[in-house]
Amino acid sequence: MQLIISGRGVVLTPSFRALVERKVEKLTRGGAVPLAVRVTCGSQRFQRTVRLVARARRRSLSSEASADHLLTAVEGAIDTLCRQLREARTRRRRARTRRSPVDANAPGA
């Protein structure tokens, strides 16, 4: 998995980058592993914003969270993205189980 961490108006220390890498590992525990994750950290007057974009084989998912502290915003965005990945996985499972290869009422069945 490729991880890109960037900041706009905020200094990202190596220790913060290591924390973000460890938090992003949570995304790989689910079923589908994202191919690339982009983390963009921003700072405005009294608010820190984090935007995550995960690119998988079939789609791209994104989440955004704002908080007083940057790490709290990262945790919120990762939780939202984990929920989106989990829901996408269950949608694919439901779609597979609903399809039936042969209709029971068809002649010759």
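Mentor: We begin with a definition: a salt bridge is a side-chain nitrogen of Lys or Arg within 4 Å of a carboxyl oxygen of Asp or Glu. Please note that this is a predicted model, in which local features need pLDDT of at least 70 and side-chain atom pairs count only at pLDDT 80 or more, while totals for chains, interfaces and linings use all residues. Residues are numbered from 1 along each chain as its sequence is written, and side-chain values use heavy atoms, with hydrogens and water left out.

Trainee: Which residue meets Lys-26 in a salt bridge?

Mentor: Side chains of opposite charge can pair when their charged atoms come close. Here the partner of Lys-26 is Asp-79, at 2.9 Å from N to O. This pair links distant parts of the chain, for Asp-79 lies in helix 2 and Lys-26 in the loop between helix 1 and strand 2, 53 residues apart. Helices (H or I, at least four residues) and strands (E, at least two) are DSSP runs, numbered from the N terminus.

Trainee: How many salt bridges does the whole structure hold?

Mentor: A search finds four. One of them joins the side chains of Glu-75 and Lys-23, at 3.0 Å from N to O. That pair also links distant parts of the chain, with Glu-75 in helix 2 and Lys-23 in helix 1, 52 residues apart. Another salt bridge joins Glu-64 and Arg-51, at 3.6 Å from N to O. Glu-64 belongs to strand 4 and Arg-51 to strand 3, and the two are 13 residues apart.

Trainee: Is Asp-79 buried, partly exposed or exposed?

Mentor: Buried means under 20% relative accessible area, exposed over 50%, and partly exposed in between (1.4 Å probe, protein chains only). Asp-79 has 40% relative accessibility and therefore counts as partly exposed. Within the chain, buried residues make up 28% of the 109 residues.

Trainee: In what order do the elements of the chain run?

Mentor: From the N terminus on, the order is β-α-β-β-β-α. The chain comes to two helices and four strands.

Trainee: How many bridges join strand 2 to strand 3?

Mentor: Two strands pair if DSSP finds at least two bridges between them. Strand 2 and strand 3 run antiparallel and are joined by eight bridges. As one example of a bridge, Cys-41 has Val-50 of strand 3 as its partner. Strand 3 and strand 4 also run antiparallel, with eight bridges, and they form a hairpin with four residues between them. There, the bridge partner of Arg-55 is Ser-60 in strand 4.

Trainee: Which residues have the most contacts inside the largest nonpolar core?

Mentor: A nonpolar core is a set of buried Ala, Val, Leu, Ile, Met, Phe, Trp, Tyr and Cys residues joined through side-chain atoms within 4.5 Å. The largest such core has 23 residues, and those with the most contacts inside it are Leu-27, Val-39 and Val-50. Helix 1 (14–24), strand 2 (36–43), strand 3 (48–55), strand 4 (60–67) and helix 2 (70–98) each supply at least two residues of this core. Helix 2 gives the largest share, eight residues.
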